[in-house]
Amino acid sequence: MSFFSTRGESCVTASQAILHGLAPDGGLYVPAMFPSVPMNRISSFCEMDYAARAVSILKRYLEDFNIPEIEEAVRAAYNTERFDTPEIAPVKQIDDATWVLELFHGPTLAFKDMALQLLPHLTRLAAVKNGEKREISILVATSGDTGKAALEGFRDVPGTSCTVFYPQEGVSDVQKLQMVTTGGNNTHVIAVKGNFDDAQTGVKELFSSPEFVKQMEERGKILSSANSINFGRLVPQIVYYFSAYADLVNKHAITPGDPVNFCVPTGNFGDILAGYYARNMGLPVNKLICASNRNNVLTDFFNSGTYSTHRTFFKTLSPSMDILVSSNLERLLYEAADRDGALIKRWMEQLKESGSYSIGEQRRDWMADVFWGDCADNKDTLKEIGKRFLEDHYLMDPHTAVGGHVLRQYRLKTNDATPTVLLSTASPYKFAADVLRGIAGADAAEGKDAFACSEELEKLTGVPMPAQVKALKDLPVRHTAECERDAMGEAVLKAFEL
Ligand SMILES: N[C@@H](CCOP(=O)(O)O)C(=O)O
């Protein structure tokens, strides 16, 4: 299988796409085609564990990896030493037509672990396959969850380093503590004086700066990414859509071939794009419901066909989705534009120069066939957390609650009763203060730090606080670096000198 850049002609193997992360022209790598998974194969997933399901999906894309290599990587990633349940990504019913796909059972309590426990193994294999002896320097921009998951995945992995940029004031207390207490000899964490878009744009600029690339090469390092711009992040995320479908069959909620909706809280569009890829591979997906917070650039895009960043950037209760420049949309645009790289390049230049682009009515309608977008503000989010706990005895984090609210809107506005899987992206304990407010009222978290809120939440709900959150209290802070938005390159070089 070859991979093309969304912006041009570049054509590479799977291992090269993973190793380099971003195409040299600034585009994202996309597979030459979507391998099909016939229904009888999907049905056979019912008998398999998560790792076996993963092998079956991954091998269709990773053609220059052999099966034993994929099997070894997958078994090393998805096991009960790394995840707190043998199901890895369990599906739980919360009402008549809604199932929650819990993607937060990995070491850092967010869905990013689903890919970032595997990516380091794939990266090392990719380096060997391409005779790459230099250090692979992973640069990451995070709005909260990717950062810690990448640090944890790449920590002390030989031949790699991992440098994470997070918005100084834009992540939850627990998210920040998780990152700044990370151990390992190859990890760096830097607070950027700006928002997530500043950090993500800054990282992309470093990738395309010949001067920075040269400076890194002089130090024996090549750049790669652990954000979902890297196809190696996306492909493991396709797996859990198939896995959830097989689990619904096993639970007799559907029979093989029945359509299912997926509702996905998303900011950078990687998680939901993986669902779109699963659909293109033959998974019977009816609608992909795209849930945004008050930074509702995607909602407006699906409704109008115009993507515009001319809007205020809001800090919300779902910080991991506080994003206005949604990277992976570029991969969907590529399909909407009949894989016309020149057109994508033009739209991306317009976005950079004028802050917006329009895809036209026809392409908007094409997208509306599969995608439906809506948003939730902070009030909706807290209400959804409270309602789900009170009515369905289910405790959800603010990102999942954004999805829960949007799903209710979808059902109200469309009357679609198709069984729906709501992707739950993080543990409620990463956002304990706001979850506590959601279930116990506005004043419930007053004067309490994240740990006191977590203890209170555990007492009130009986949902156990994860050991990883408890442990944070006693871990020393190891990373205190910060930088201006336009000094990220210097900050990376400085981190390597220390
Ligand atoms: N929500 C993310 C932002 C980066 O998204 P990614 O999926 O491209 O890594 C975060 O939590 O950092």
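Q: What is glycine 404 in contact with, leaving aside its neighbours within four places in sequence?
A: In this predicted model, glycine 404 is in contact with Glu384, Arg388, Met396 and Leu422. Contact here requires C-beta atoms, placed from the backbone, to lie within 7 Å. Glycine 404 itself lies in helix H18.

Q: Why is glycine 404 called buried?
A: Glycine 404 has 29 other C-beta atoms within 10 Å. The cut-off for buried is 20 or more, so glycine 404 counts as buried.

Q: How far apart are glycine 404 and methionine 281 in sequence and in space?
A: They are 123 residues apart in sequence, and their C-alpha atoms are 26 Å apart in space.

Q: Why is H17 called roughly perpendicular to H18?
A: The axes of helix H17 (residues 378-392) and helix H18 (residues 398-414) cross at roughly 90° and come within 8 Å. Angles of 65 to 115 degrees count as roughly perpendicular, and therefore H17 is roughly perpendicular to H18. On the H17 side the contact is made by Asp380, Thr381, Glu384, Ile385 and Arg388, and on the H18 side by Pro398, Ala401, Val402, Gly404 and His405.

Q: What classes of residue make up the contact of H17 with H18?
A: The contact has four nonpolar, three polar and three charged residues. Gly counts among the polar residues in this scheme.

Q: Why is alanine 97 called partly exposed?
A: Alanine 97 has 15 other C-beta atoms within 10 Å. Buried needs 20 or more and exposed needs 12 or fewer, so alanine 97 is partly exposed. The residue lies in the loop between strand E4 (91-95) and strand E5 (98-102). Not counting residues up to four places away in sequence, alanine 97 touches Ala417, Pro419 and Thr420. Between alanine 97 and threonine 381 there are 20 Å from C-alpha to C-alpha, and the two are 284 residues apart in sequence.

Q: How do you know that leucine 58 is buried?
A: Leucine 58 has 23 other C-beta atoms within 10 Å. Because the cut-off is 20 or more, leucine 58 is classed as buried. The residue is in helix H3 (residues 50-61). Its contacts, leaving aside neighbours within four places in sequence, are Ile70, Val74 and Val235. The C-alpha atoms of leucine 58 and isoleucine 70 are separated by 7.5 Å, with the two residues 12 apart along the chain.

Q: What makes helix H12 (residues 270-280) mostly covered?
A: Nine of the 11 residues of H12 are buried. These are Gly270, Asp271, Ile272, Leu273, Ala274, Gly275, Tyr276, Tyr277 and Ala278. They pack against helix H11 (231-250), strand E10 (260-265), strand E11 (285-292), helix H14 (329-336) and strand E15 (420-424). H12 is followed by glycine 282, which has a positive phi near 120°.

Q: Is phenylalanine 269 buried or exposed, and what about histidine 252?
A: Phenylalanine 269 has 22 C-beta neighbours inside 10 Å and counts as buried, since the cut-off is 20 or more. Histidine 252 has 7 other C-beta atoms within 10 Å; exposed means 12 or fewer, so histidine 252 is exposed. Histidine 252 is in the loop between H11 and E10. Phi of histidine 252 is also positive, near 60°.

Q: How does the reach of helix H9 (residues 196-207) compare with what is expected at 1.5 Å a residue?
A: H9 has 12 residues and reaches 17 Å from its first C-alpha to its last, close to the 16 Å expected. Its buried residues include Phe196, Gly202 and Leu206. Among the elements that cover the buried residues of H9 are strand E6 (135-141), helix H10 (210-218) and helix H22 (488-497).

Q: Which residues are closest to the ligand, and what classes does the shell hold?
A: The ligand is surrounded by 13 residues, the closest being Thr142, Asp145, Thr146, Ser228 and Asn268. By class the shell has no nonpolar, 12 polar and one charged residues. Helix H7 (residues 145-154) gives the largest share of the shell, three residues.

Terms used
Residues numbered from 1 in each chain as written. Predicted model: local features only at pLDDT ≥ 70, side-chain atom pairs only at ≥ 80, totals over all residues. Axes fitted to C-alpha atoms, helices over the stretch in contact; angles between N-to-C directions. Helix = DSSP H or I, 4+ residues; strand = E, 2+ residues; numbered from the N terminus. Parallel < 35°, antiparallel > 145°, perpendicular 65-115°, else oblique. Contact = placed C-beta atoms within 7 Å. Near = placed C-beta within 6 Å. Expected span 1.5 Å × (residues − 1).
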